[in-house]
Amino acid sequence: MSCSTEFSEYLRGFTLIEVLIVLAIIAVLVVIAVPSYQAGISQGRRADGRAFALDLAAREEAYFLRNGSYTSDLETESGLNGSVLSQERFYIGSVGPCEDGDLVNCFQVKVSALGIQRASDQTCVSLTITNTGERGSSDSMGVFSEANSGARCW
């Protein structure tokens, strides 16, 4: 008889309270981990935007050395011979004159987040860099951080 008593103790399962406690612990871990994971993914994608902006700025400087002025032509061979989309396709780029200048002497590269990156990284929706190296950023509301104060996004 003692054999059947020991065997029945091993067949005992989990109680409902034990299962609920484990589920609660898992839920707390998920609530903490998922936003951190998503923030890390957004920062990784932002690296694509930074690299794209720096590439366009370098192409502008090379164009200036060849032609004596800057250009807003991104895609043709006579221009920057680049793409309007970043390599990972999370950002779209544009080049134009600085706010107080013209394209002959000054340029500003702006890359703006697209799709899922725009939705997940609302504080750094666009990144800018000028020919003098001044960097800035703007959020989802279009509020622009002053030049060189976009360090958090860059």
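## Pairing of β1 and β2

Strand β1 is joined to strand β2, which spans residues 108-113, by six bridges, and the two run antiparallel. In this pairing, tyrosine 91 lies opposite alanine 113 of β2. The model described here is a predicted one.

## Helix on the sheet

Helix α2, covering residues 16-67, packs on the sheet. The strands that α2 touches are β1, β2, β3 (126-130) and β4. The direction of α2 makes about 25° with that of β1.

## The sheet as a whole

The sheet is open and is formed by four strands in the order β1-β2-β3-β4, with antiparallel pairing. Its edges are taken by β1 (91-96) and β4 (135-138); each has a single partner strand, so one side of each is left without a neighbour in the sheet. On average, neighbouring strands of the sheet are turned by 20° against each other, direction ignored.

In general, the strands of a sheet pair through backbone hydrogen bonds, in either a parallel or an antiparallel manner.

## Overall composition

The protein contains three helices and four strands. Along the sequence these elements follow the pattern α-α-β-β-α-β-β.

## Burial, contacts and surface

Of the 154 residues in the protein, 30% are buried. Among contacts between residues at least 6 apart in sequence, 41% join residues at least 24 apart.

The protein exposes about 9900 Å². Carbon and sulfur atoms supply 60% of that area.

Methods. Residues are numbered from 1 along each chain as its sequence is written. This is a predicted model: local features need pLDDT of at least 70, side-chain atom pairs count only at pLDDT 80 or more; totals for chains, interfaces and linings use all residues. Side-chain values use heavy atoms; hydrogens and water are left out. Buried means under 20% relative accessible area, exposed over 50%, partly exposed in between (1.4 Å probe, protein chains only). Contact means heavy atoms within 4.5 Å. Accessible areas come from the Shrake-Rupley method with a 1.4 Å probe; for residues, only the protein chains shown count as cover. Two strands pair if DSSP finds at least two bridges between them. Axes are lines fitted to C-alpha atoms, for helices over the stretch in contact, and angles run from 0 to 180 degrees between N-to-C directions.
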